[in-house]
Structure formats: structure tokens, C-alpha cells
Amino acid sequence: MDETGVTETEVLGLLRRIKERDMPFERILSSMCTMPHPLAIQAHMEFIETNLGDPTLFPGTKGLEESVIAMLSALLHAPNAHGYITTGGTESNIQAIRAARNLSGKKNPNVIVPGSAHFSFDKAADILGIKIKKAQLDESLKVDPASVEMLIDENTIALVGTAGTTEFGQVDPIDELSKIALSRDIFLHVDAAFGGLVIPFLEEEYPFDFKVKGVSSLTIDPHKMGAGTIPSSALLFRDEACLGALATSTPYLASRMQHTLAGTRTGASIAATYAVFKHLGQSGYKRIVARCMKLVSMIEKRVADMGIPLVIQPVTNVIALRVDSPEEVASKLRERNWYVSTTLRPKSLRLVIMPHITEEILNTFLTDLREILG
Ligand SMILES: Cc1ncc(COP(=O)(O)O)c(C=O)c1O
């Protein structure tokens, strides 16, 4: 920090210049986040100073959090789910596994996750002292329930399924995992960080939420397909006891108990999520998802014309192209200011078609891709 400050105008000029180094969203086809809805931004700013670290000081904002949880619970077929808004899918997943561990009371716990699970479960394992076992996938990159079943032992405290995998957007057979979980009396967590605000609005139905009896908890992120502001994920539990398993007493605060991982916690992104849910409603999300999926179909046709096969038939708005040397193609695209990612198993060029992507953007992108592939 300098000894004396500079004017606000100078600082803002400085910030604008620095921000120019960031990639503009219209060139990003790799992110699972998007431009927040303008109303979300406005609501965020209205609540910028709120802190749900001590909700008794902010009862209005706390009420907004309860409303968001209630709206998500109803959408996900668990009218009485219990939960809270976290900083992201990572925190929600960590806290879900922490609740399962605390409830189990087991000494050397393990959790079975799909081979395709998000790396937040590796973080959870490290933090919580849990072993992670990775189950095999089938040819369509869904977890193989038989492989999950084979990995279960007396120390298994939870199974995990993903609804909208990070790399390929695939939905695991949550109903099959549920049967296993119920028959073995094991906690089942669904990571719907990405897919939770896509799958309910698709034409095709996929069982993935609390309608499936064995689902104990679920992660869903408004800061991904919800067009909310960062940070906003929700962790939902079917039973209140699971939330109770996360309780810590908070002696010096006006509120006596916390279930959250974070202490100080913004209410701004909660207000943003509330605003965008109220404004868009289910019909608004249906329109957004339909638009993204239409663009996915457009890519499918265009890449088929170019002779590029897909890794799997897209289920959600993630499409993976089987090109030769995907890292090289991604790096050539980067030279033309396009930001795409690559997948590991199998190797492919991965595009996430988020709401900020338009047909015009894709036309320019696909022209560049065609030129690069020759
Ligand atoms: C399926 C899934 N789970 C969890 C996460 C982690 O979410 P976050 O980056 O918000 O912590 C992601 C991120 O892309 C994800 O795709």
C-alpha cells in the first residue's frame, strides 16, 4: 500500500485498464459460469454490506436465504428440504460429505464417487480425512452402478452421483444409485452443481433430485446456469438431522449456532439469486435452457458436416468434440482469442454453451475451428 492514496477516478481508470486483460465472456466457451442477469447485479449491489455470518443482525436477508432454499426445494421435489447458500459447488460438496461423515461415526470412512466426479471431492477427502474410491464409467460416461456396488465395504459412508458432469455434461443413473443406497442404508449425495438448473428444464426427463427416494443431499449452483452472481450454490438435505450434523456453537455471536463452513457470508449473491428466480420463474429458465440446447444442436450439425465425431450425444449444454490433438487445437484457438477447454478421459475439445453464447458467436467460432482443422 502506498503512503498516500489517489483519487477515485484514478483508481477506477486503473481498474478498467487491468480488467481489459481479462477475457471477455463472448470469447469464453469453457466456463460453467455466465454473465449474471442485470437484475441479479442490481440486487447484489443493494445487499452489498449484508453479512449472514450473524443472521440475527440481518433477519430480512436471512428470510431471502430461506425463500431461495424453499424455491429450490420445491423445484427439486423436496418441499421440506433443509440447507443454506454456500460459496460454490465445492463448499456444498465438502459440507455434504462432512455431514455424512459426522452422522456415520465411522473411524476410517470412505466415499464412492464416479470416476468423472468433480475434483471438489478430492478436496473433501483431504480436508475430512476420508478415502475416496472411484467407480468405473460405462461407454456413455455414466457411472456404472455395478462398479459402485463392488466398491462398497463396511466403512462406506456415502455414494455420490453427478447430474451434469463437469467434463461431458452427462447425468449419472441416480435412480440406480438410489436403489443401492437404500438397500445398503448409505447416504447418497447428488452433485447437480451444473445440471441442477438445466435438467428440470430439458424436454427429456432424468430422475436426479429428491423425487428419487434414496437421495439424501444435493448441490445446485445458481452462479452457474442460474445467472446469479458469484458466490452462490445451495446445499440441500432431505432430513434436518443432516444439517444438524454440521452445527457448531458460536458463543460470541447473537445467533448461537452455525451450520455453515464460512463464518462471514455475503447476503448479496443470495439477494441476486432471489431476484433472478422471482423474475425468470420456471418458464424463464425453460427458455434459457431451450436456447442453449438449440445452439448445442446447431454445433452438432455443423461439426458433423466437418466430419468431427462427438464423445457422447449431448445430454445437457456441454458438447465434446473428438478432434486429433485437442490441446493443440485449443492452443491455436487461444491464439485467435477463443477460450475452450480439453478433457482428459477420453481426450476431446470441450465446449460449454452457456447463456452468454449466441448463434453469431458460434458462427465465428466454428469458422475459426474449421480453418484450424484445415
Ligand atoms: C459438477 C460440478 N461440481 C462441483 C463444481 C465446483 O463448483 P465451484 O467451482 O462453484 O466450487 C463444479 C464446477 O464446475 C462442477 O461442474
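Mentor: The discussion below takes up a helix, a set of strands, the salt bridges and some backbone angles. This is a predicted model, in which local features need pLDDT of at least 70, side-chain atom pairs count only at pLDDT 80 or more, and totals for chains, interfaces and linings use all residues. Residues are numbered from 1 along each chain as its sequence is written, and side-chain values use heavy atoms, with hydrogens and water left out.

Trainee: Which residues of helix 5 are buried?

Mentor: Buried means under 20% relative accessible area, exposed over 50%, and partly exposed in between, with a 1.4 Å probe and protein chains only. Helices (H or I, at least four residues) and strands (E, at least two) are DSSP runs, numbered from the N terminus. In helix 5 (residues 120–128), the buried residues are Ser120, Phe121, Ala124, Ala125 and Leu128. They cover an arc of only 145° around the axis, so they sit on the same side of helix 5; the arc is that of the directions from the helix axis to the C-beta atoms. Asp126 and Ile127 are exposed, on the face turned away from the buried side of helix 5.

Trainee: What do the buried residues of helix 5 pack against?

Mentor: Contact means heavy atoms within 4.5 Å. The buried residues of helix 5 pack against helix 4 (89–104), strand 2 (110–114), strand 3 (131–135), strand 4 (156–162) and strand 5 (187–192).

Trainee: How many residues of strand 4 are buried, and how many bridges join strand 4 to strand 5?

Mentor: Two strands pair if DSSP finds at least two bridges between them. In strand 4, seven of its seven residues are buried. Five bridges join strand 4 to strand 5, and the two run parallel; leucine 159 has leucine 188 as its bridge partner in strand 5. Strand 2 also pairs with strand 4 in the parallel sense, over three bridges, and leucine 159 is the partner of isoleucine 112 there.

Trainee: How many salt bridges does the structure hold?

Mentor: A salt bridge is a side-chain nitrogen of Lys or Arg within 4 Å of a carboxyl oxygen of Asp or Glu. The structure holds eleven salt bridges. In one of them, arginine 184 and glutamate 149 have their closest N and O atoms 4.0 Å apart. Arginine 184 lies in helix 7 (residues 174–184) and glutamate 149 in helix 6 (residues 145–151), so the pair ties together parts that are 35 residues apart in sequence. Another joins lysine 224 to aspartate 221 at 2.4 Å, N to O, and both residues are buried. Lys62, Glu65 and Arg265 are linked in a network of salt bridges.

Trainee: Where is the peptide bond cis, and which residue other than glycine has a positive phi?

Mentor: Most residues other than glycine have a negative phi, and most peptide bonds are trans. The peptide bond from isoleucine 230 to proline 231 is cis, with omega near 5°; proline 231 is in the loop between strand 6 (217–220) and strand 7 (233–237). The bond from arginine 345 to proline 346 is also cis, with omega near -10°. Leucine 141 has a positive phi, near 70°. This leucine 141 is in the loop between strand 3 and helix 6, and at 11% relative accessibility leucine 141 counts as buried.
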